[in-house]
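This report covers selected side-chain and backbone features of one protein model. The sequence and structure come first, and the notes follow.

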Amino acid sequence: QVQLVESGGGLVQAGGSLRLSCVASRAFFTFNGMGWYRQAPGKQRELVAHITWGGNSNYADSVKGRFTISRDNAKNTVYLQMNSLKPEDTAVYYCNTVGVGFKPVDPQYWGQGTQVTVSS
């Protein structure tokens, strides 16, 4: 059974921090790169951070130096520590695999996402 369950979002003031968590089914998680995507109102979903099975990470320029992605392979869980949040970080955040072309391995599967709202 495919499962992607995100949590940890909320309302925070600019400059604040949040930590997102995502538990994935083992079939989705094992050996796959994992990433955090976000979708703001009226915009396309974008990949903001991803991490390989071995722990190498990369970030979009817009979040570099502020966000940190990590994973616990024993728990099938990926995290996103978000610091120095800005109003433009407001979006629904989703986790998913990251495959060829920095897109999900199987894009038909998405979780419910978690809303992050940053007030100015």
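## Two loop phenylalanines

Phe 102 is placed in the loop between β9 and β10. Strands, at least two residues of type E, and helices, at least four residues of type H or I, are DSSP runs numbered from the N terminus. The phi angle of Phe 102 is near 60°, a positive value in a residue other than glycine. Its relative accessible area is 52%, and Phe 102 is exposed. With a 1.4 Å probe and protein chains only, exposed means over 50% relative accessible area, buried means under 20%, and partly exposed covers the range in between.

Phe 31, in the loop between α1 and β4, also has a positive phi, near 70°. Phe 31 is exposed as well, with a relative accessible area of 64%. For context, most residues other than glycine have a negative phi.

## Basis of the values

The model is predicted: local features need pLDDT of at least 70 and side-chain atom pairs count only at pLDDT 80 or more, while totals for chains, interfaces and linings use all residues. Residues are numbered from 1 along each chain as its sequence is written, and side-chain values use heavy atoms, with hydrogens and water left out.

## Aromatic pairs

The whole structure holds 5 aromatic pairs. Rings of Phe, Tyr and Trp (its six-membered ring) pair if their centres lie within 6.5 Å; planes under 30 degrees apart are stacked, over 60 edge-to-face, and the rest tilted. One of these pairs is Phe 29 with Trp 53, edge-to-face at 6.3 Å centre to centre and 75° between the planes. Phe 29 belongs to helix α1 (residues 26–29) and Trp 53 to the loop between β5 (46–51) and β6 (57–59), so the pair ties together parts 24 residues apart in sequence. Phe 29 is buried at 0% relative accessible area, whereas Trp 53 is partly exposed at 29%.

Tyr 37 and Trp 110 are edge-to-face too, because their ring centres are 5.2 Å apart and their planes stand at 85°. This pair links strand β4 (residues 33–39), which holds Tyr 37, to the loop between β9 (91–98) and β10 (114–119), which holds Trp 110; the two residues are 73 apart. Tyr 37 is buried, at 4% relative accessible area, and Trp 110 is partly exposed, at 29%. Ring pairs also join Phe 29, Phe 31 and Trp 53 into a cluster.

## Arg 45 over two rings

The charged end of Arg 45 sits over the ring of Trp 110, 3.9 Å from its centre. It also sits over the ring of Tyr 94, at 4.1 Å from the centre. The criterion is NZ of Lys or CZ of Arg within 6 Å of the ring centre and within 35 degrees of the ring normal.

## A four-stranded sheet

An open antiparallel sheet is formed by 4 strands in the order β1-β3-β8-β7. Two strands pair if DSSP finds at least two bridges between them. At the edges stand β1 (4–7) and β7 (67–72), each with a single partner, so one side of each lacks a neighbour in the sheet.

β1 is joined to β3 (residues 18–24) by 4 bridges. Ser 7 stands opposite Ser 21, and Glu 6 opposite Cys 22. On to β8 (residues 77–82), β3 has 6 bridges, and Cys 22 has Val 78 as its bridge partner there. In β3, 5 of the 7 residues are buried, so this strand is largely enclosed by the rest of the structure.
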